[in-house]
Amino acid sequence: MSQLKPISHLDNIPSTPGKFKLEKSQPYIHRLRFHTSLSKLTLWSSFFLVFILFYYVLSSPSPSLPSRRSLNDSWGGPSWEKRVTRSAQRRSSHGLTVLVTGAAGFVGTHVSIALKRRGDGVLGLDNFNHYYEPRLKRDRQKLLERNGVFVVEGDINDSSLLKKLFDVVAFSHIMHLAAQAGVRYAMQNPGSYVHSNIAGFVNILEVCKSVNPQPAIVWASSSSVYGLNSKVPFSEKDRTDQPASLYAATKKAGEEIAHTYNHIYGLSITGLRFFTVYGPWGRPDMAYFFFTKDILKGKTITIFEASDHGSVARDFTYIDDVVKGCVAALDTAKKSTGSGGKKKGPAQLRIFNLGNTSPVPVSELVNILEKLLKVKAKRKVLPMPRNGDVKFTHANISLAHKELRYKPGTDLETGLKKFVRWYLSYYPGSGKKSSW
């Protein structure tokens, strides 16, 4: 990745460019009184949800995914501290010093490299769980090391480790990307979502509130928080009290928890709602990734359709565009206002959509992959199951454009072309003779 340059201001940009349209929802103009009561109910429901989830975490064994070795044995000592310090060293006095959690993940890897290449100090943290193939995460780790980023192997629920990291490095910013991802997996292992997305996030905030100076925090929420919302495009002002999955519920709980720590402790917190991020070094559990794998192997792929036989569509957002949004959020984050665990004044609290604003039907995604791979896909169309997925996502990015100068510039075919090129290089021999 080359050094990121500021995006110049563009006047009169439409907030939601793109031709894909869905039915407009019914207006809420005549429901103001109802919404006043509903908002109160939603607030108390959110607190109740968080209470129940915390009780679940505290009363049950840790459900984290298995790793190859004990994380407690993988850090500490003079040599380790030297690597931590070197990785976090800034090349410029004006640079940031950033702790990136989930650094060996898809977005974490790209963000870490982008920051390091422009001269910021970057230290990674990842527990290398086995949610998907560990080899991919380890190879991302090697890529990070080649770019001068050291990844500490540890868990965000390990308070001792986090405190040790802050003892060694005075981080100015936290880029919190560690999370249990995936909508459908929540039906198999719900505890892992509570453990990582709620307990882990709280642990990060607990440590950050107590250090001096407090760092500014940017963290990954999700477009999934919009849940069953039918108003399009999705705006940060829209209701998010109807999650369609446990994953979405944990991300929504995270947003409420962020508000609490901002209000009580003066932490500067920015949440980013990612919309279906894709690209090289991506996650194997994402449709574009496993579709590519199965098409090349000649396996049948399943494409879901809505109950009304309508298209299932996603606001696919290329990784480079998301990275620019993440870095802009870090650059515009104001300082936290607390000290010693006490708030000294009002602190910044923000939430942004990071999407592409141009939803594409999943069937069209397959068409593009067929073209790029030169292989005809074997398709099976089925009704969308009740597993937490939603019919469509569509981001309104006007706020992100205004505050972050965020302007995605990669269409789906261009982005998939880069992904396919990486995929065929990373998995040599996976190509298949054209079936056209």
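Start by selecting Asp 285 and Arg 283: they form a salt bridge whose closest N and O atoms are 2.7 Å apart. Keep in mind as you go that this is a predicted model. Colour the two residues by accessibility and you will find Asp 285 partly exposed, at 24%, while Arg 283 counts as buried, at 18%.

Next, select Lys 371 and Glu 413, another salt bridge, with 2.8 Å between the closest N and O atoms. Lys 371 belongs to helix H10 (residues 362-373) and Glu 413 to helix H12, so this pair ties together parts that lie 42 residues apart in sequence. Lys 371 is exposed, with a relative accessible area of 51%, and Glu 413 is partly exposed, at 27%.

Arg 118 is partly exposed, with a relative accessible area of 22%, whereas Asp 120 is buried, at 4%. Over the whole structure, a search finds 15 salt bridges.

**The sheet and its helices**

Switch to a cartoon view and pick out the strands in the order S3-S2-S1-S4-S5-S6-S13: these 7 strands form an open sheet with parallel pairing. At its edges are strand S3 (150-153) and strand S13 (349-354), each pairing on one side only. Look along the sheet to see the twist, which averages 20° from one strand to the next.

Zoom in on strand S1 (residues 97-101) and strand S2 (residues 121-126), which pair in the parallel sense over 5 bridges. Here Leu 99 stands opposite Leu 123 in S2. Then show helix H5 (residues 159-168), which packs on the sheet and touches S1, S2, S3 and strand S4 (173-176). The direction of H5 makes about 170° with that of S2.

**Aromatic rings**

Time to show the aromatic side chains; a search of the whole structure finds 31 aromatic pairs. Begin with Tyr 261 and Tyr 265, a tilted pair at 5.2 Å centre to centre, with 40° between the planes. The two residues are 4 apart in helix H7 (residues 246-265), which means that about one helical turn separates them. Both Tyr 261 and Tyr 265 are buried.

For an edge-to-face arrangement, go to Trp 281 and Tyr 426, whose centres are 5.4 Å apart and whose planes make 65°. This pair links distant parts of the chain, 145 residues apart: Trp 281 is in the loop between strand S7 (277-278) and helix H8 (287-297), and Tyr 426 is in helix H12 (residues 412-426). Trp 281 is buried, with a relative accessible area of 15%, and Tyr 426 is buried too, at 10%.

Keep both rings selected and extend the view to the aromatic cluster they belong to, whose members include Tyr 278, Tyr 288, Phe 316, Phe 419 and Trp 422.

**Charges over rings**

For the last stop, select Lys 137 and Tyr 132: Lys 137 lies over the face of the tyrosine, at 4.6 Å from the ring centre. Then select Arg 138 with Phe 128, where the charged end of the arginine sits over the ring, 3.8 Å from its centre.

How values were computed: Residues numbered from 1 in each chain as written. Predicted model: local features only at pLDDT ≥ 70, side-chain atom pairs only at ≥ 80, totals over all residues. Heavy atoms only, no water. Phe/Tyr/Trp six-rings, centres within 6.5 Å; stacked < 30°, edge-to-face > 60°. Buried < 20%, exposed > 50% of the residue type's maximum accessible area, 1.4 Å probe, protein only. Lys NZ or Arg CZ within 6 Å of the ring centre and 35° of its normal. Salt bridge = Lys/Arg side-chain N within 4 Å of Asp/Glu carboxyl O. Pairing = 2+ DSSP bridges. Axes fitted to C-alpha atoms, helices over the stretch in contact; angles between N-to-C directions. Contact = heavy atoms within 4.5 Å.
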